[in-house]
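Please open the model in your viewer and keep the selection tool at hand.

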There are 2 protein chains.
Amino acid sequence: MRDNDLSLKTAATAGVSRYGQIAAELQARIVSGDWPPGEAIPAEGVLAKEFGIALGTIRQAIAVLVQHGLLERVQGKGTFVRKGLTGGSLMRFFRFGGADAVTAVPRSEILSCRSVRLDKAMAERFELPSGARGLAISRRRWLEDKPRLLESIWLPLPRCEALQQLPVAQWGDLLYPLLGSQCGITVHRAVDEVTFRTLAADEASLLELPDAHPCAVVTRRAFDLRGTCIEYRLTRGDAYAFRYTADIR
Amino acid sequence: MRDNDLSLKTAATAGVSRYGQIAAELQARIVSGDWPPGEAIPAEGVLAKEFGIALGTIRQAIAVLVQHGLLERVQGKGTFVRKGLTGGSLMRFFRFGGADAVTAVPRSEILSCRSVRLDKAMAERFELPSGARGLAISRRRWLEDKPRLLESIWLPLPRCEALQQLPVAQWGDLLYPLLGSQCGITVHRAVDEVTFRTLAADEASLLELPDAHPCAVVTRRAFDLRGTCIEYRLTRGDAYAFRYTADIR
DNA sequence: TAGTGGTCTAGACCACTTG
DNA sequence: AAGTGGTCTAGACCACTAC
């Protein structure tokens with residue numbers, strides 16, 4: 001009942017079901033920032049009353065967003081908007097040194113950071129008009145005093161302007177928290193693609209590896225809460241340190 | 001009500017909740033073969049009556065097993081026990097030739113198949129006593145008249161005896177359907193681990209690649225419905241044909 | 001038309017967390 | 001003790017699939 005105004009093409013689970021519509025409405029509030037990451041959303045009973053539906057239905061709507069990784073439920077405490085990815089998750093692909101190295105955050109050394117004109121494919125990825133500008137960042141990452149990874153990062157430029165103002169010395173080692181604090185962007189999902197090739201001469205010297213050494217290449221596209229691509233990243237590392245586990249079904 | 005005898009340590013979601021217990025009971029029936037793969041299980045209403053619970057509760061129990069990949073629901077038709085993996089899923093890691101090659105099943109050439117004494121680690125994997133025997137299979141897989149993959153496969157031996165009787169000419173190209181029809185084993189889950197190294201001389205010649213060519217190694221452990229490991233497989237292929245996509249959150 | 005799963009209601013009580 | 005999510009009930013009606 002109650003003709004709640006649910007005008008949404010948020011591309012959530014919006015079937016025609018009531019809980020699907022409400023899930024989309026909740027998602028809209030999260031994306032808009034009404035309910036910021038880390039905060040609790042109103043209790044089930046409150047929401048049920050607001051939407052004029054039964055408890056079971058609002059629970060179903062919430063379950064959808066939990067499934068999508070947007071919400072997190074904690075018994076006795078409440079339902080919380082999930083914080084974005086920390087970015088350290090890239091280390092899942094590599095095993096350098098000892099077991100402690102798995103959780104360690106590699107030190108970041110910014111090699112360069114400049115505004116560039118994006119090529120056609122990159123602009124399309126970022127849903128920007130052809131010829132738009134972006135931020136091109138080159139970064140080297142260290143673990144235990146050894147250079148381990150080489151990263152080329154592209155960011156869409158109107159959105160990430162704030163980064164240009166901030167001295168690279170204040171960037172810290174992780175990009176995603178920076179995107180959150182400086183640009184108000186929450187990285188909610190990332191798609192990684194792994195391939196294999198050999199290192200070019202300049203890459204090899206930066207990683208202190210022999211020329212033409214085999215390397216694993218991880219191509220990452222990261223997305224914000226709305227599902228818009230907000231990062232394109234190319235990471236290169238020693239192929240012999242690569243190790244990845246996939247669970248099928 | 002109804003002290004249904006739910007004696008189960010099936011390690012399902014068995015919390016103490018009613019639906020958790022029932023989920024475990026349903027799982028037991030699937031594992032035991034009461035409800036074979038591909039078949040429909042009784043309707044919600046029937047099960048609800050049998051267990052003496054409400055419809056919503058049996059639905060919750062079924063949802064658990066759907067989540068675990070054991071059941072599949074189809075509106076208007078029923079709830080079905082999922083068939084096992086087809087095995088072709090290994091090709092997800094490689095892209096040989098054209099786009100059609102993604103779905104194609106590579107031809108299998110059995111290089112050798114013999115009974116061996118399993119080493120300690122392998123016996124433990126299969127939950128067999130130390131010194132137990134197993135089947136060691138060496139296989140080469142072809143795509144479009146080119147050798148593409150090299151596989152070393154170990155199977156636990158009392159369980160897979162039937163394979164020894166069957167002439168390799170009748171094996172066909174896929175192992176998992178064979179395990180199903182010959183040994184009554186359903187492969188329900190697999191864990192793959194990827195690393196990189198270079199090819200040994202004998203491997204390189206079998207794959208018609210230069211000696212010491214870079215290769216991707218996929219180590220697979222496959223599990224049956226009970227969660228017991230029933231295959232250990234080592235697959236080697238050209239590293240330059242490797243490509244894998246991971247979706248984070 | 002009959003049977004299936006999908007959605008939804010309006011309650012109840014329990015388990016956990018916090019002040 | 002108050003507030004939260006977790007479990008469970010006993011119904012209702014709808015949408016899809018078969019025959």
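**Chain A as a whole**

Residues are numbered from 1 along each chain as written, chains are lettered from A and ligands numbered from 1 in written order, and side-chain values use heavy atoms, without hydrogens or water.

Switch to a cartoon of chain A, which has 7 helices and 10 strands (DSSP runs of H or I with at least four residues, and of E with at least two, numbered from the N terminus). Of its 249 residues, 47% are buried (under 20% relative accessible area, 1.4 Å probe, protein chains only).

**Confidence**

Colour chain A by pLDDT, the predictor's confidence in each residue from 0 to 100. The mean is 88, and 90% of the residues reach 70 or more. Next select residues 1–14 of chain A, where pLDDT is below 50. Where pLDDT is low, the predicted coordinates should not be read in detail.

**Two helices of chain B**

Select α2(B), residues 44–51, and α3(B), residues 55–67; they pack at about 105°, with axes 9 Å apart. α2(B) is therefore roughly perpendicular to α3(B) (65 to 115 degrees). Finally, show the side chains in contact (heavy atoms within 4.5 Å): among them, B:Leu47 and B:Phe51 in α2(B), and B:Ile58 and B:Ile62 in α3(B).

Technical notes: This is a predicted model: local features need pLDDT of at least 70, side-chain atom pairs count only at pLDDT 80 or more; totals for chains, interfaces and linings use all residues. Axes are lines fitted to C-alpha atoms, for helices over the stretch in contact, and angles run from 0 to 180 degrees between N-to-C directions. Angles under 35 degrees count as roughly parallel, over 145 as roughly antiparallel, 65 to 115 as roughly perpendicular and the rest as oblique. Buried means under 20% relative accessible area, exposed over 50%, partly exposed in between (1.4 Å probe, protein chains only).
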